[in-house]
Amino acid sequence: MDWNETPAELARAWSEQPVIIPSQSGELHGIFTPPAAEVSPTGICAILFSRNRWWCDRLSVKAARWLASRGFSCLRFDYHGFGESEGVCSEIHGDRPFTEDGLAAVQWMRKAFAQRRFVLSGFCLDGRTALSIIKHEGDTIEAVVCSSPEVTSYPGDVLNRVITLEKTRAFLLGPVTFKKVTLQRAVRRCFNLLRLFLEKRAGEDLIERQISANFKRDFQALVRSKTRCLFLQGRDDPQYYAFQLVERTLLARLNAEQRARITVEVWPGRIHPLDNPGTLRKVIARTIAWIDDCVRSPHSVRHSQYTSAMTEIAGGASA
Amino acid sequence: MSQAVLISNRDAADLCQEQRGYFPSASAALYGVYCVPQKYLGRDRVVVFCHASGIEHMVTQRMQVLASRKAAGTGFPAFRYDSRGHGDSTGDPNDLTFEDLVDDACAAADHAKAVSRASEVIWVAVRFGCLVAAAAIGRRNDGAALALWEPVHQAREYFRTAIRTKLFCEVAQGRRSGATVEDCLSELEARGVLPVVGSYLYGALWHSSRDADLGSLLATWKRNTLIAQVQRRPGLSVNNQNLLSTIEGRGGEVAVTLIGQEPSWGMLPVVRPQWVSQELLTATTEWLHGME
């Protein structure tokens with residue numbers, strides 16, 4: 001993907017319109033990017049969720065202009081308490097998505113810009129936000145990209161990854177700073193695990209109980225809807241270790257039609273650490289390419305299932 | 001300004017209206033927001049916010065938004081903008097130079113003066129933006145006052161700090177590349193780009209700004225100045241103390257505020273919301289009013 005700004009994207013930028021979205025938390029500020037007039041419109045509005053609307057290397061800005069130059073209407077906006085939006089955000093929790101803000105955005109795009117069909121995307125918490133909208137707006141959501149989401153209700157590793165050989169080796173051989181950070185994390189996680197043991201959920205064993213109730217609710221809404229979904233994961237991310245619980249339980253129970261709408265793509269290595277901007281670019285490149293392809297190509301069962309080792313994509317983008 | 005809209009912002013504690021849209025600088029479209037005061041106390045002056053760079057822009061953006069609204073809410077017209085390659089503006093950061101940033105600051109000041117009909121500019125600059133604002137002041141003769149929020153005194157140090165943060169993150173994840181800051185700077189020189197936390201450092205900005213020094217850029221500055229140090233230390237840093245002494249020595253009036261609540265400048269605010277310091281907002285607003 002060309003990360004330099006193209007003339008078509010520059011043209012889209014000049015046509016962008018600041019918007020104000022009313023929400024329960026106050027006014028949310030965003031930017032609407034209309035589709036390019038010179039290409040056939042897709043009739044789809046892409047909403048790109050991120051904390052503030054150019055969070056982390058301005059990937060949502062690039063994505064919005066790229067998609068708009070290919071016929072999508074696009075919206076990026078600041079969550080309440082972020083960027084230019086009103087309200088206060090006092091804490092962030094991976095299992096508590098910004099659903100109300102996301103819903104307000106969808107409803108506002110319908111009301112103010114007559115948008116009827118949507119695709120939603122986000123990374124980590126923002127992916128969870130995208131997923132959480134389906135429960136309320138399932139009929140209008142064509143597709144969702146949910147990259148490296150947290151699926152547990154507590155931070156840290158799942159039970160079978162609490163202590164591993166690699167971790168022990170890294171701890172023993174790591175510098176003192178790393179040892180300190182690791183020990184602090186370990187103490188915090190002991191409390192989280194204790195809470196997990198004490199939690200009771202009918203019909204769920206300890207393995208399944210690790211998946212958060214919020215995620216399960218949003219996942220079931222996805223299953224009931226007609227929405228297509230891409231889960232993008234990094235094989236060595238703790239988020240993927242947790243997602244494997246979803247694969248073993250929730251995904252395994254789906255019928256062929258339901259399963260065909262859900263794609264799980266697992267890349268080598270890690271995609272979650274935000275200190276690697278190159279990987280983040282690859283994730284967003286894959287996200288918008290999938291959205292573009294998803295809208296243009298009809299859905300069939302063979303589009304689904306797992307895609308592993310996406311090396312041609314993982315190696316295809318650079319600064 | 002294209003697509004301007006009027007809005008109200010209730011959480012600014014004070015009501016203000018905003019005009020948001022794009023304005024030109026060279027061939028770029030820069031995103032800018034003009035905060036209209038309900039009543040004018042600014043006496044022919046407009047406050048222009050000059051933002052930080054890279055991840056620090058992300059960290060400090062909310063503070064700029066709140067401060068510009070607070071300024072307007074209490075009577076000062078205010079303007080904030082994104083330079084090319086930053087925020088919602090156009091432009092590629094990989095060929096962005098220090099001169100480009102200064103050009104954008106000047107274009108923003110011109111635009112702010114045009115929409116507010118002010119004749120002088122009060123600059124409020126953040127981190128690397130302090131160097132940009134200082135260079136812009138040197139090009140113009142309309143600078144009325146300057147607030148420096150945790151100023152970067154030497155551009156070179158900004159790059160070194162970003163690299164140190166990257167190396168620290170690697171260690172925190174159990175990776176130790178063995179590379180030093182000097183090694184990384186050599187890589188930046190050779191490749192023209194260096195990944196750091198959540199963003200990139202680019203050779204064009206490094207080459208064009210590495211010798212920039214705040215004291216030199218403000219060599220003749222002697223107007224109202226606020227130094228807002230945002231550090232855990234109890235007293236002024238040596239750099240800030242030297243700057244204060246130099247400006248006062250020229251007859252300038254310098255106010256100082258020490259903010260102890262320091263954000264992680266070079267880290268993405270992943271598990272925490274964006275940085276907000278009520279103390280700094282209050283200090284800046286009081287400084288503005290103190291000039292009336």
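Which residues are buried in helix 9 of chain A? They are Phe215(A), Lys216(A), Asp218(A), Phe219(A), Ala221(A), Leu222(A) and Val223(A). Buried means under 20% relative accessible area, exposed means over 50%, and partly exposed lies in between, with a 1.4 Å probe and protein chains only. Helix 9 of chain A covers residues 213–224, twelve residues in all. From its first C-alpha to its last it reaches 17 Å, close to the 16 Å expected at 1.5 Å a residue; the expected span is 1.5 Å times one less than the number of residues. An α-helix has 3.6 residues a turn, so residues three or four places apart point the same way.

This is a predicted model, in which local features need pLDDT of at least 70 and side-chain atom pairs count only at pLDDT 80 or more, while totals for chains, interfaces and linings use all residues. Residues are numbered from 1 along each chain as its sequence is written, chains are lettered from A and ligands numbered from 1 in the order in which they are written, and side-chain values use heavy atoms, with hydrogens and water left out.

Chain A as a whole has 13 helices and nine strands. Its radius of gyration is 20 Å, close to the 20 Å that the globule rule gives for 319 residues, so chain A is as compact as a globular protein of that length. The radius is taken over C-alpha atoms, and the globule rule is 2.2 Å times the number of residues to the power 0.38. Helices (H or I, at least four residues) and strands (E, at least two) are DSSP runs, numbered from the N terminus. Along the principal axes, the C-alpha atoms of chain A fill a box of roughly 60 × 45 × 40 Å. Of the 319 residues in chain A, 60% are buried. Among contacts (heavy atoms within 4.5 Å) between residues of chain A at least 6 apart in sequence, 76% join residues at least 24 apart.

Most residues other than glycine have a negative phi, and most peptide bonds are trans. Arg58(A), which is not a glycine, has a positive phi of about 55°. Its place is in helix 2 (residues 55–68) of chain A, and it counts as buried because its relative accessibility is 14%. For Cys124(A), also a residue other than glycine, phi is near 60°. Cys124(A) lies in the loop between strand 5 (117–123) and helix 4 (125–132) of chain A. Its relative accessibility is 10%, so Cys124(A) counts as buried.

Glu137(A) lies in helix 5 (residues 134–137) of chain A and counts as buried because its relative accessibility is 9%. Leaving aside neighbours within four places in sequence, Glu137(A) is in contact with Leu103(A), Val106(A), Gln107(A) and Arg110(A). Glu86(A) lies in the loop between strand 4 (73–77) and helix 3 (99–113) of chain A. Because its relative accessible area is 2%, Glu86(A) is buried. Ser25(A) is 61 residues from Glu86(A) along the chain, and their C-alpha atoms are separated by 6.9 Å.

In chain B, Pro269(B) has its place in the loop between strand 11 (254–259) and helix 9 (278–290). With a relative accessible area of 11%, Pro269(B) is buried. Apart from neighbours within four places in sequence, Pro269(B) is in contact with Arg51(A), Trp55(A), Met58(B) and Val59(B).
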